[in-house]
Amino acid sequence: MSAPSDPTTTLPGLGDCLRQVEIKRLKKALNRCDGVVEAHPQQPQPRNERALLHSLAGDNQAACRDSLAAEQLLKQLPKTTSPDPLLVEEIQLRAKSCRSLTSAPAAGAPSPAGSAG
């Protein structure tokens, strides 16, 4: 039987960002997720999950930065890699939402809700 691995030297897993998330402890979850992103810098999943955490925390700019970064990482995956289709769809949907939020409204476009005087 082998000895248990030392948790201080074990890299976080790809799915660790959203492990045991509590709304009251989003900062803790974000800190854990920062470690996952750092441990897996070329993987889109941790960025996508951190985007969700930022969104829950109300930081839409940070959420969009991560969503757009996840989309870029998805495009850079080797062609031999076949990521989860649901992950791909979620990343693309989030990135599309971010692009529509950050692009200037066209002339004659309706005002955002709540801005009417």
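The model is predicted, and local features need pLDDT of at least 70, side-chain atom pairs count only at pLDDT 80 or more, while totals for chains, interfaces and linings use all residues. Residues are numbered from 1 along each chain as its sequence is written, and side-chain values use heavy atoms, with hydrogens and water left out.

For Leu30 I listed contacts (heavy atoms within 4.5 Å) and, not counting residues up to four places away in sequence, recorded Arg50, Leu53, His54 and Ala57.

I then checked Lys24, in the segment before α1, which counts as exposed because its relative accessibility is 78% (buried is under 20%, exposed over 50%, partly exposed in between, with a 1.4 Å probe and protein chains only). Lys24 and Ala57 are 33 residues apart in sequence, and their C-alpha atoms are 9.8 Å apart in space.

Last, I took helix α2 (residues 44-56) and helix α3 (residues 60-76), which pack at an angle of about 165 degrees with their axes 8 Å apart. The two helices are therefore roughly antiparallel, a label for angles over 145 degrees, with under 35 roughly parallel, 65 to 115 roughly perpendicular and the rest oblique. Among the α2 residues that meet α3 I noted Arg47, Arg50 and His54.

Note on methods:
Helices (H or I, at least four residues) and strands (E, at least two) are DSSP runs, numbered from the N terminus. Axes are lines fitted to C-alpha atoms, for helices over the stretch in contact, and angles run from 0 to 180 degrees between N-to-C directions.
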